[in-house]
Amino acid sequence: MTPLWVLCCVGLAAGALADAPPPIDAKKLFARHCGWCHGAYGLAADKAPRLAGTAMSEDEIRARIENGAPGEMPGFANTLSAEQVDALARYIKSLPAPP
C-alpha cells in the first residue's frame, strides 16, 4: 500500500506541471520579432547581419536584444519577457557557424 504522503506529493507535482507555462519556441519567437531583418532564421544576412557564428557571448546577445543598437536595431526590453530574451540568446548562440 502506498503511503498517503507519497500520493500527496505526486498530486502536488502533477498540479505544478499542469500550471507551468508552455516552453518557449525560440525559432518561432525569432521569426516573429527578428526575422524581419535577420534572414533565414539568423542563418543569412538580409537587412541586418547573419547571426550564425556570432562572436558575441550569450550575455552580449541578451544585452543587444534588450537594449538594441542605436541606429541599427531597436531594443526589445519592453516587448519581450526576460525568459523570451534568454531563449532568443540561447537560440542565436546555437546557430551553426557558416563553413
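## Exercises on a predicted model

Ala 63 lies in helix H3. The model behind these exercises is predicted.

**Exercise 1.** Classify Ala 63 as buried, partly exposed or exposed, and give its C-alpha distance to Gly 75.

Solution.
- Step 1. The relative accessibility of Ala 63 is 32%.
- Step 2. Buried requires a value under 20%, and exposed a value over 50%. Ala 63 therefore counts as partly exposed.
- Step 3. In sequence, 12 residues separate Ala 63 and Gly 75; in space, their C-alpha atoms are 8.9 Å apart.

**Exercise 2.** Determine where His 38 sits in the chain, whether it is buried or exposed, and which residues it touches.

Solution.
- Step 1. Helix H2 spans 26–33 and helix H3 spans 58–67; His 38 is found in the loop between them.
- Step 2. His 38 has 11% relative accessibility, so it counts as buried, the cut-off being under 20%.
- Step 3. Leaving out residues up to four places away in sequence, His 38 touches Phe 30, Ala 44, Asp 46, Ala 48, Pro 49 and Leu 51.
- Step 4. One of these residues, Pro 49, has its backbone oxygen 2.7 Å from a polar atom of the His 38 side chain. A polar contact needs N or O atoms within 3.5 Å.

**Exercise 3.** Decide how many disulfides the structure holds, and compare the accessibility classes of Cys 34 and Cys 37.

Solution.
- Step 1. The number of disulfides is zero.
- Step 2. For Cys 34, the nearest cysteine sulfur belongs to Cys 37, 8.9 Å away, and Cys 34 is in no disulfide. A disulfide needs two cysteine sulfur atoms within 2.5 Å.
- Step 3. Cys 37 is likewise in no disulfide, with the sulfur of Cys 34 as its nearest cysteine sulfur.
- Step 4. Cys 34 has a relative accessible area of 12% and is therefore buried. Cys 37, at 35% relative accessibility, counts as partly exposed.

**Exercise 4.** Describe the largest pocket by its volume, its lining and the classes of its lining residues.

Solution.
- Step 1. The largest pocket holds about 400 Å³ of space.
- Step 2. Its lining consists of 20 residues; those nearest the centre are His 38, Ala 48, Leu 51, Arg 64 and Met 73.
- Step 3. H2 and H3 are the elements that each give two or more residues to this lining. H3 gives the most, with three residues.
- Step 4. Sorted by class, the lining has 14 nonpolar, three polar and three charged residues.
- Step 5. His 38 links this exercise to Exercise 2: it lies among the residues nearest the pocket centre and touches Ala 48 and Leu 51, among others.

How values were computed: Residues numbered from 1 in each chain as written. Predicted model: local features only at pLDDT ≥ 70, side-chain atom pairs only at ≥ 80, totals over all residues. Heavy atoms only, no water. Helix = DSSP H or I, 4+ residues; strand = E, 2+ residues; numbered from the N terminus. Buried < 20%, exposed > 50% of the residue type's maximum accessible area, 1.4 Å probe, protein only. Polar contact = N/O pair within 3.5 Å; in protein donor to acceptor, adjacent residues only side chain to side chain. Contact = heavy atoms within 4.5 Å. 1 Å grid on protein atoms, 1.4 Å probe; cavity = no way out; pocket = protein on both sides within 12 Å on 5 of 7 lines; lining within 4 Å. Points joined across faces, edges and corners; volume = space filled by probe spheres on them. Nonpolar A, V, L, I, M, F, W, Y, C, P; charged D, E, K, R; others polar.
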